[in-house]
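Please consider the model shown below. The paragraphs that follow lead from individual residues to the chain as a whole.

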Amino acid sequence: MLSAAGEVRLQRKYFWGKQAGGCCPGDALAGVQQSNVTPGARQLCCLMGIGQDFDQSRRDLKRVGGLSLSKERLRQITEGEGQHVRQVRDSGQLPAAWSAEQAKLPDGSGRTRAYGGVDGVMAPTVTQAEKLKRRQQHVTRRQQRGKAGVGNAKDLPPPKPGSDERFKEMKIAVFYDQDKTHRHVLATEKLSKEFAPLLASYARQIGFERADQTICLFDGAVWIYRQVCLALLFLQVILLDFYHLAEHVHATARCCLGEGQAARSWAHDRLAEAKRSDVTGMLSAIAELEKRSRSPTKKQSLRGLRNYLEQRRDMLDYAQALAEGWDIGSGPTEATCKTLTLRLKRPGMKWDRDNAAAMMNLLALRESGQWDAYWDRESRRAA
């Protein structure tokens with residue numbers, strides 16, 4: 001068995017009965033009934049595996065912890081633990097590290113405010129063609145080993161299907177307080193229609209609906225809007241991330257007025273109107289500029305901005321948000337996206353979607369402040 005102190009060889013009695021089958025009571029006493037890798041060793045593997053590629057992690061693990069194992073074994077342990085972490089967190093078996101009642105405002109009023117954010121991120125995946133190429137290489141090597149009579153010559157297990165695209169979308173959500181000291185993070189590779197139940201489950205884990213003020217900030221994507229409305233039934237406010245709005249406004253200004261001061265002034269005035277919740281003024285300015293534009297490209301850009309605003313009109317009440325002291329930017333959500341995918345996007349990295357989600361869940365465990373609670377739980381289960 002592999003322990004945090006290195007490899008340990010156990011010799012124990014094996015009991016077998018015709019009706020009951022076989023068992024090793026000593027395994028339960030040693031905490032290896034479920035796996036021949038102890039929770040302490042698994043934690044060390046995960047700590048190294050989520051920070052860098054598995055080959056470097058293997059070498060560092062040997063140097064720092066004295067554990068000797070191949071990079072493939074390290075990958076299997078880390079990704080397998082990530083799958084288990086996801087199962088435990090998604091089912092609500094692991095309590096959240098904080099609740100909405102703790103999301104108190106810093107003004108000393110005793111009121112609570114909780115935010116929610118949702119986004120999609122792309123992860124590099126292994127395509128089916130790459131899978132077939134890799135498998136043929138493995139088959140050839142095993143045939144060569146079989147002829148030489150050395151190493152593992154067994155048949156390969158059934159193949160796992162690859163992706164139909166080089167990149168696939170992963171979905172994340174994060175709940176946080178005004179001070180950004182508490183976070184509760186969700187990561188999944190599931191489709192949009194399966195996302196709402198998960199989002200609702202994670203909201204319940206922190207008692208999101210019990211906060212005095214509940215606000216959701218995101219980039220305005222239609223799929224996110226639909227899932228948020230389905231999952232967060234007690235949500236009070238939905239706001240469009242101001243940074244994404246500014247990107248659209250500046251892009252249209254550059255398209256129609258160039259890169260000079262005129263474009264910057266036009267965009268500045270429109271965003272000032274947005275902060276006053278003067279959507280009518282923004283639409284009027286867009287219409288006026290459209291009258292002066294002759295280029296089809298410029299007209300298309302202006303129509304796109306107009307449609308973008310009209311479709312999200314109920315998400316643009318920035319005047320109330322600023323008056324109440326609410327955030328109007330989704331910075332914590334964007335930061336979480338980068339944190340959860342940093343390991344996935346290292347040079348040369350490609351993943352199966354479920355394994356990418358497993359790695360993201362290990363990172364989400366740390367981001368959510370549940371790391372110690374999870375490993376304490378695993379140690380108790382092993383004991």
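In this predicted model, Arg270 belongs to helix H9, which covers residues 261-275. Is Arg270 buried or exposed? Its relative accessible area is 9%; because buried means under 20%, Arg270 counts as buried. Once the neighbours within four places in sequence are set aside, the contacts of Arg270 are with Val249, Met282 and Ala285. Two of these partners, Met282 and Ala285, carry numbers that fall in helix H10 (279-292).

Between H9 and helix H10 runs a loop, and Ser277 is located there. Ser277 is not a glycine, yet its phi is positive, near 60°.

Where does Lys180 lie? Lys180 is placed in the loop that connects strand E6 (167-177) with strand E7 (183-188). Lys180 is partly exposed, its relative accessible area being 33%.

Another lysine, Lys193, is part of helix H6, which comprises residues 192-206. Lys193 has a relative accessible area of 68%; because exposed means over 50%, Lys193 is classed as exposed.

The view may now be widened to the entire protein chain. How many helices and strands does the protein chain have? It has 15 helices and nine strands, and its C-alpha trace spans about 85 × 55 × 40 Å along the principal axes. Of the 383 residues in the protein chain, 46% are buried, and Arg270 is one of the buried residues. When contacts between residues at least 6 apart in sequence are considered, 69% of them join residues at least 24 apart.

Two further values describe the surface and the charges. The protein chain exposes about 19900 Å², of which carbon and sulfur atoms supply 51%. The protein chain carries 61 positive and 44 negative charges, and the mean positions of these two sets are 8 Å apart.

Methods:
Residues numbered from 1 in each chain as written. Predicted model: local features only at pLDDT ≥ 70, side-chain atom pairs only at ≥ 80, totals over all residues. Heavy atoms only, no water. Helix = DSSP H or I, 4+ residues; strand = E, 2+ residues; numbered from the N terminus. Buried < 20%, exposed > 50% of the residue type's maximum accessible area, 1.4 Å probe, protein only. Contact = heavy atoms within 4.5 Å. Areas by Shrake-Rupley, 256 points an atom, 1.4 Å probe, with all protein chains shown as cover. Lys, Arg positive; Asp, Glu negative; His and termini not counted. Charge placed at Lys NZ, Arg CZ, Asp CG, Glu CD.
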